[in-house]
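Please consult the sequence and the structure shown here alongside the text.

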Amino acid sequence: MNRPRYFTIHELADPSIIKEVGEEATWGQLDPQLFPALDWLREVFGPLRINGGGYKESGLRRKDTKTGSPRSAHKAGQAYDLKPLNKGVDVKAMYNYILTNEAEAMRHGITELENIIDTPTWLHISCRPHTLGNRIRIVRP
Ligand SMILES: [Zn+2]
């Protein structure tokens, strides 16, 4: 079973989805391509909040949510919004680290980031496919 080491399904999906379909079926809605990136960033930067602590739409979102874009990668289980918990780690540093280590980041499944200028308190990572070749695509939310 391909599962991230450091994250539970409750951190990765909207609780109402888990309640509706159960944990196993919710795992099935997540694209496993991005799991290595979650563990990689967790090991480099320490604990990362996704859902929990008041957040519930930072991972897999309901198709009918009004949060974010209608075609958000979150609805396909292909995106997470990361909030570092360790003091001294900010999202800009994580963003720059990913771009500095672009090939490694892509090996861990990242294909897309949202421009950190638009999301100063979280980092959106995604494995949504694109056709820009061997580069991470930077998008505006
Ligand atoms: Zn996001």
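## Ala93 and helix 5

Ala93 is partly exposed, because its relative accessible area is 34% and that class lies between buried (under 20%) and exposed (over 50%), as computed with a 1.4 Å probe on protein chains only. The residue belongs to helix 5, where helices are DSSP runs of H or I with at least four residues, strands are runs of E with at least two, and both are numbered from the N terminus. Ala93 and Ile116 are separated by 23 residues in sequence, and their C-alpha atoms lie 9.9 Å apart in space.

The model is predicted: local features require pLDDT of at least 70 and side-chain atom pairs count only at pLDDT 80 or more, whereas totals for chains, interfaces and linings use all residues. Residues are numbered from 1 along each chain as its sequence is written, and side-chain values use heavy atoms, with hydrogens and water left out.

## Packing of helix 4 against helix 5

The axes of helix 4 and helix 5 are 12 Å apart and meet at an angle of about 120°; axes are lines fitted to C-alpha atoms, for helices over the stretch in contact, and angles run from 0 to 180 degrees between N-to-C directions. Helix 4 and helix 5 are therefore oblique to each other, since angles under 35 degrees count as roughly parallel, over 145 as roughly antiparallel, 65 to 115 as roughly perpendicular and the rest as oblique. On the helix 4 side the contact (heavy atoms within 4.5 Å) is made by Trp40, Leu41, Val44 and Phe45, and on the helix 5 side by Ala93, Met94, Tyr97 and Ile98.

Buried residues of helix 4 include Phe35, Leu38, Trp40, Leu41 and Phe45. Just after helix 4, Gly46 adopts a positive phi of about 85°.

## The nonpolar core

The largest nonpolar core contains 32 residues, and those with the most contacts inside it are Tyr80, Ile98, Ile110 and Ile125. Such a core is a set of buried Ala, Val, Leu, Ile, Met, Phe, Trp, Tyr and Cys residues joined through side-chain atoms within 4.5 Å. At least two residues of this core come from each of helix 1 (9-12), helix 2 (15-21), helix 4 (35-45), strand 2, helix 5 (91-100) and strand 4. Helix 4 provides the largest share, six residues.

Beyond its neighbours within four places in sequence, Ile125 contacts residues including Leu34, Leu38, Leu41, Tyr80, Ile98 and Ile110.

Asp81 in strand 2 (residues 79-84) and His124 in strand 4 (residues 123-126) link distant parts of the chain, 43 residues apart. Asp81 counts as buried because its relative accessibility is 6%, and His124 is likewise buried, with a relative accessible area of 4%.

Pro47 is located in the loop between helix 4 and strand 1 (48-49). This proline is partly exposed, with a relative accessible area of 31%. Leaving out residues up to four places away in sequence, Pro47 touches Arg42, Lys83, Pro84, Leu85 and Asn86. Pro47 and Asn86 are 39 residues apart in sequence and 6.6 Å apart from C-alpha to C-alpha.

Glu24 lies in helix 3 (residues 23-27) and counts as exposed because its relative accessibility is 51%. Between Glu24 and Ile9, the C-alpha to C-alpha distance is 8.9 Å, at a sequence separation of 15 residues.
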